[in-house]
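Subject: Structure for your attention

Dear colleague,

I am passing on the structure we spoke about, and my notes on it follow below. Please read them with the coordinates open beside you.

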Amino acid sequence: MEQTPLPSTPEQVSHHSPPPLRDRLAELALAGAVVILGIIVIWETRGIRVTPAYSKVGPRVIPYLVGTGLIVVGLWLAVEVLEGRTATGAGDAEDADPTLPTDWRCVGGLAVALLVYLVLIERAGFVIASALLFFGSAFAMGSRRIIRDAAAGILLAIAVYEIFTRGLGLRLPAGVLTGLL
Amino acid sequence: MRSLRLLGALIAMALLAVPVFARSAAPVMAAAPLAQAGECPTDYPTETLEIMAPAAPGGGWDTTAREIQQVLQNEVIDQNVEVFNVAGAGGTVGLAQLVSDNAGDEQTMMMMGLVMVGAIATNQSPVTLEQVTPIARLTTEYEVIVVPANSEYQTLDDLMEDFKANPGAVTWGGGSAGGTDHILVGLMAQAVGVDPTAINYVPFSGGGEALAAILGGQVSAGVSGYGEFQDQIEAGELRALAISAGQDVAAGATPGAGAASPTTGSATPVAALPPVPTLQEQGVDVELANWRGLVAPPEISDEVRQCMIAMIDQMHQTQAWQDVLARYGWQDFFLAGDEFGEYLSEERDRVIPILQELGLAE
Amino acid sequence: MGPLGDLASGFGVALTPENLLWALIGVFLGTAVGVLPGIGPALTVALLLPVTYDLEPISAFIMFAGIYYGGMYGGSTTSILLNTPGESASIVTAIEGNLMAKRGRGAAALATAAIGSFVAGTLGTLALTLVAPVMVKLALRFGAAEYFALIVLAFTTITALLGGSLVRGLISLLVGLTIGLVGVDTLTGQSRFTFGVPQLLDGIDVVTVAVGLFAVGETLWVASRLRHGAEETIPVRGSVWMTREEWKRSWKPWLRGTALGFPIGSLPAGGAEIPTFLSYSIERRLSNHPEEFGKGAIEGVAGPEAANNASAAGVLVPLLTLGLPTSATAAILLVAFQRYGLNPGSQLFQRDPELVWGLIASLYIGNVMLLVLNLPLAGLWVRLLAIPRPMLYAGILVFAGLGTYSQKGSTVDLVILYVLGALGFLMRRFDIPVAPAVIAVILGPVAEEHFRRALQLSQGNYMTFVTRPISGSILLLAALGLIVPIVLRAVQTRRTPPASSA
């Protein structure tokens, strides 16, 4: 842990030997997505109503510029990828190891925890939803100290709820625990 | 386990931050319920009363709702009153929530006002005020038209002369597009025969920015609620050319504006009408009140509706409410029940056409 | 009586035991809410207004001032430690601050932020005491054209953040601009890119964008590449406190940040974000360690933090002298003044000198309290990082959800947060820097607004941007800022013999 991790500089990246085909296809897909976003922006801009009110530059001008810009940088990226310049080693987060393949089970677990939170926050209430989110995401990220995580999640959720609803008079849904908290 | 202890310590620290002191300073619930007015046969409300402010904390609707909360729970009812905020889209997000989630909910009311009438049209809200149960109109603020002290315009006539000659050259600074300030300029244009689409109205986000632009001479004239400019007008930094009150209001009510009695002279005197001539007095036949009121969700029984009206009527008659009006410089603009419902539809018929003409609504 | 005499009597008001207690409560609360994303000083003061009804006005304002300054201090903590900015003004702090924390220098980053905030807050308050009337005259000369020029200048900072690949930096920038377009167009009231969702009419909140792209995006990214094994923690390397070297590198950025933050904060539409961007870019250019930027440079924390605190003092200039609220918190304070039947404005200093000078004196006191409170806390806060990864990231998600949901009490905002989190994940996957997008979300909409407003005011004359003296000078400065480094680099490469570069 003593050596400072060296974030990959672009020079290093571009000097790699030709990147694998899969990466290049993914990068091309990204370029395509950017171009498509640009087209959507321009398409939607055509539907913005221009008022008869006094204005030299209307509400459509800047969106058109942004949409055009997106298409240009999307194509630019495509050219770079076809020339063999892709970035591989992304991110300099110390907790992440960029050489690892994507761990979809872990990401999927987090996504489930987040969706459960979204569904439950107004139905079951803030405390239950938050405690489940805490526990679920810790579990998804590989923690197996179930009792500790559950206790921490419940304590955190109750503490936050009490501080904000009582201390500040903020409204957070009490849900099924209405009357108990 | 070290980390658990740490977490515990952190939580304890956070708990310490609870504003125990602020809470304990909150007003003690002094109020024994006063005798309910005749129209309400039952005890109302039977549980915590909720008032929705369909805007972020700190704005006009939120402030009004929180003042109503204080007066109701201190002087009128023996239940708690809670205010909650549902911000977004000129109040139409809150309106949609009131109509869909709160239908038939007899313990909930919503703050609203002229701005919502406009926002429903400009945002093409699928939910309208026809679906809610009108309770009462409570306050209003009149709009004022100002110029900086060093402006060439001495009177409204001066300003209108240039406006009629070259509408695009007169820049009006005010609040958001389609808001009360914009509507007033549109109505004025109509009244003096200027094409509303030709006006050069410059919307600013937030009162402060508009005020700065007016003081700095960036715009020809400014439009806003009188309260927002009051101090600058009294200090002589801005010249008030006209207010948007109707002639009848202006004539009848110079000192007290219908308020029950002058308050015991703590703060500013009772919401007196500002000493500025009205638009109508100066030949521009426009009046506009930036009013606020309360509505209830749809599907409320007549009985409960009567009780809500009685409760608000009772609140309106308290000295505490009159003090609130005085403190904020709001005019008393009370109108309850069906009459308020009629007023709502009249306002709709007046405001939407001008918004359509300004190109802001379909 | 001169301002110093007035100030002395103000201290007399503020130094009563009762008022000191309110100040302490205020700074404590402010720090607590500043730490959390989404819940800022404006919301806190608004929510506390009704319960402070029975307080003396001066006590209430002393507490509010404490919340206001405390929020500015607290906002940096989660930025640095968790990459989760509490307020839009501490977004820049997250960029270098979080990298410092990851290198084990989190405590030093917190310390330089706290001391920088103290220096800036105190100098800013001093400036408020002495030069408020002059500042106001200058501030009123700023119109839409000047603001546009200032934002262009701030935009040039993005060039420093675009990262190694120009095209990837530009993608980030344009995606940010696209997000910024969502909502009602201020100038014409037309809705843009709202797809019929009423909750989108008010636009996408900047803090939601920052929390989504930074915190949720990073959590997902880390999860996808998690180093499995023992529950690792980030060790604190070296001294917990700032080293002599770090002091040496911090004090100039503190002063420069203050010099940027106070005047821009006192502009009616200045805000706290623009000075933080400007400070970041200036420090990056002036630093003796430019290679450390992007890896956790202390100057990149010290400068912006000082700038945002100085701007907090600046905001009080137009509020107290003209009754002009220029930030969300100032607007709420204005409501508070009205609530007590006081009209702030040019007459307030004459009418209620005790209140005004008591308030200003309490700002000095609050600053000292915040320093005393925050320096020891820095050592404690940094131990948050000692929490095992899964729990730490779980906690980040809980606070991200709380901050986003509680702003409007709407699950639509949570959906937006998740979409942005997924976007942040993809951007990391494809090596696209996140910071330009966040900055574009902040600056893009205001740039468009001021640009079009300036044209409306000049009745369509584009020359307004260059012929107005202040606007023209700032634009010239921005152009120089872009061109000079390129020229310098060209000259340097020509002079350097190719052998030495190998």
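A residue is called buried here if 20 or more other C-beta atoms lie within 10 Å of its own. By that criterion, buried residues make up 55% of the 362 residues in chain B. Please keep in mind throughout that this is a predicted model, with an ipTM of 0.84 and a pTM of 0.79.

On confidence in chain C, the mean pLDDT is 81, and 91% of the residues in that chain reach 70 or more. Among the elements of chain C, the lowest mean pLDDT, 45, belongs to helix H21 (residues 498–501), whereas helix H17 (residues 411–429) has the highest, 92.

To stay with chain B for a moment, its secondary structure comes to 13 helices and 10 strands, and of its contacts with a separation of 6 or more, 82% are between residues 24 or more positions apart. As one local example, helix H4 (residues 92–101) of chain B has as its buried residues Thr92(B), Val93(B), Gly94(B), Leu95(B), Ala96(B) and Leu98(B), and these pack against strand S1 (49–53), strand S3 (108–113) and helix H5 (114–122) of chain B.

Turning to the contact between chains A and C, 69 residues of chain A are in contact with 60 residues of chain C. On the chain A side, helices H2 (21–45), H3 (61–82), H4 (104–123), H5 (126–140) and H6 (146–168) each supply at least two residues, and the largest share, 9 residues, comes from H3(A). By class, that side of chain A has 44 nonpolar, 13 polar and 12 charged residues.

Within this contact, one helix pair can be described in detail: the axes of H4(A) and helix H9 (residues 206–224) of chain C come within 7 Å and cross at roughly 145°. Cys106(A), Val107(A) and Leu110(A) in H4(A) meet Thr219(C), Leu220(C), Ala223(C) and Ser224(C) in H9(C), a contact that by class has 5 nonpolar, 2 polar and no charged residues.

Finally, the largest nonpolar core has 348 residues, of which Val146(B), Phe148(C), Ile151(C) and Val438(C) touch the most other members; helix H6 (residues 106–139) of chain C gives the most to this core, with 18 residues. Leaving aside residues up to four places away in sequence, Ile151(C) touches Ile274(C), Leu443(C), Val446(C), Ala447(C) and His450(C). As a general point, nonpolar side chains tend to be buried together in soluble globular proteins.

With best regards

Notes: Residues are numbered from 1 along each chain as its sequence is written. Chains are lettered from A and ligands numbered from 1 in the order in which they are written. This is a predicted model: local features need pLDDT of at least 70, side-chain atom pairs count only at pLDDT 80 or more; totals for chains, interfaces and linings use all residues. Two residues are in contact if their C-beta atoms, placed from the backbone, lie within 7 Å. Helices (H or I, at least four residues) and strands (E, at least two) are DSSP runs, numbered from the N terminus. Ala, Val, Leu, Ile, Met, Phe, Trp, Tyr, Cys and Pro count as nonpolar, Asp, Glu, Lys and Arg as charged, and the others, Gly among them, as polar. Axes are lines fitted to C-alpha atoms, for helices over the stretch in contact, and angles run from 0 to 180 degrees between N-to-C directions. A residue is buried if 20 or more other C-beta atoms lie within 10 Å of its own, exposed if 12 or fewer, and partly exposed in between; C-beta atoms are placed from the backbone. A nonpolar core is a set of buried Ala, Val, Leu, Ile, Met, Phe, Trp, Tyr and Cys residues joined through C-beta atoms within 7 Å. pLDDT is the predictor's confidence in each residue, from 0 to 100.
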